[in-house]
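Subject: Handing over a structure

Dear colleague,

I am passing on the structure below, and my notes on what was found in it follow directly after. Please read them with the coordinates open.

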Amino acid sequence: MTAQDLLSDRPDRAPIGPLAAILYQDSPPDALLAGFARRLIAQGLRVGGVVQERPATAAGCRCAEMALLALASGHRTPVAQPLGPGSTGCRLDFGALAQVAQDLLGEIDAGLDLLILNRFGKAEAEGRGFRDVIAAALAREIPVLTALHPRNLPDWIRFTEGAALLLMPDETTLHHWLDDSRGVAHAA
């Protein structure tokens, strides 16, 4: 299912818009997204969404400490379950993720100028995760900004039918994209 399919009740079937992803290779741009959101909130914009928190210097498995931080409220929700001794990975807690998605749908209903989502990742590629949240924001013409690892690029292109932008990981680019998405003229 694509983003266009999720919005199939739109009579014009126009390209989805304002949807963009920061393409990253090694380190996810969580700090960039969080800082961008803080500055926009300080300017009076209504910014919702989540960024991932993961301790940088934890010994052993960091899964139990991985969480999503709500940008508007500061509420922290753990979203990973450690698989036990000897494991090298984590299991996503889909119940916690579903609760975060419900909270985000409430933010969208209350009205936002921008929705930031930590990733378009494996869960979204499989048709779960924040796909409905993205569709709800786009249906209300709320710009959506996320992050994307190249391994998920084929799924992103299928989901968006190529109608989304890939952005460089710098704040100036993010501001220009958001201004364009909101119809704000750029200062000369």
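Is Arg39 buried or exposed, or does Arg39 lie in between? Arg39 is partly exposed, with a relative accessible area of 40%, where buried means under 20% relative accessible area, exposed means over 50%, and partly exposed is in between, all with a 1.4 Å probe and protein chains only.

Before going further, please note that this is a predicted model, in which local features need pLDDT of at least 70 and side-chain atom pairs count only at pLDDT 80 or more, while totals for chains, interfaces and linings use all residues. Residues are numbered from 1 along each chain as its sequence is written, and side-chain values use heavy atoms, with hydrogens and water left out.

Overall picture

The protein has seven helices and nine strands, these being DSSP runs numbered from the N terminus (H or I of at least four residues for helices, E of at least two for strands). Of its 188 residues, 43% count as buried. Among the contacts with a separation of 6 or more, 65% are accounted for by residues 24 or more positions apart, a contact being heavy atoms within 4.5 Å. The accessible surface comes to about 9,500 Å², and 53% of that surface belongs to carbon and sulfur atoms; the areas come from the Shrake-Rupley method with a 1.4 Å probe, and for residues only the protein chains shown count as cover.

Salt bridges

A search of the whole structure finds seven salt bridges, each defined as a side-chain nitrogen of Lys or Arg within 4 Å of a carboxyl oxygen of Asp or Glu. One of them joins Arg39 to Glu171, with the closest N and O atoms 2.6 Å apart. Because Glu171 lies in helix 7 (residues 171-182) and Arg39 in helix 2 (residues 30-42), this pair ties together parts that are 132 residues apart in sequence. Glu171, for its part, is buried at a relative accessible area of 18%.

Another salt bridge is formed by Arg46 and Asp113, whose closest N and O atoms are 3.1 Å apart. Here, too, distant parts of the chain are linked, since Arg46 is in the loop between helix 2 and strand 2 (47-53) and Asp113 in the loop between helix 3 (94-110) and strand 7 (114-116), 67 residues apart. Arg46 counts as partly exposed at 42% relative accessibility, whereas Asp113 counts as buried at 15%.

The salt bridge between Glu53 and Arg76 has its closest N and O atoms 2.7 Å apart. Glu53 lies in strand 2 and Arg76 in strand 4 (residues 76-78), so this pair ties together parts that are 23 residues apart in sequence. Glu53 is partly exposed at 27% relative accessibility, and Arg76 is partly exposed at 40%.

Strands around Arg76

Strand 2 pairs with strand 3 (residues 67-70) in the antiparallel sense over four bridges, and strand 3 pairs with strand 4 in the antiparallel sense over three bridges; two strands count as paired if DSSP finds at least two bridges between them. Leu69 in strand 3 stands opposite Val51, and Leu69 also stands opposite Arg76 in strand 4. The hairpin of strand 3 and strand 4 has five residues between the strands, and Gly74 there takes a positive phi near 80°.

Nonpolar cores

The largest nonpolar core has 29 residues, and those with the most contacts inside it include Leu104, Leu115, Phe130 and Val133; such a core is a set of buried Ala, Val, Leu, Ile, Met, Phe, Trp, Tyr and Cys residues joined through side-chain atoms within 4.5 Å. Helix 3 gives the largest share of this core, six residues. Apart from it lies another core, of 21 residues, among them Ala20, Leu45, Val47 and Leu174.

Leu115, placed in strand 7, is buried at 0% relative accessibility. Leaving aside neighbours within four places in sequence, Leu115 is in contact with residues including Gly48, Leu104, Val133 and Val144. The C-alpha atoms of Leu115 and Pro143 are separated by 6.2 Å, although these residues are 28 apart along the chain.

The buried residues of helix 5 include Val133, Ile134 and Leu138, and just after this helix Glu141 takes a positive phi of about 60°.

With best regards
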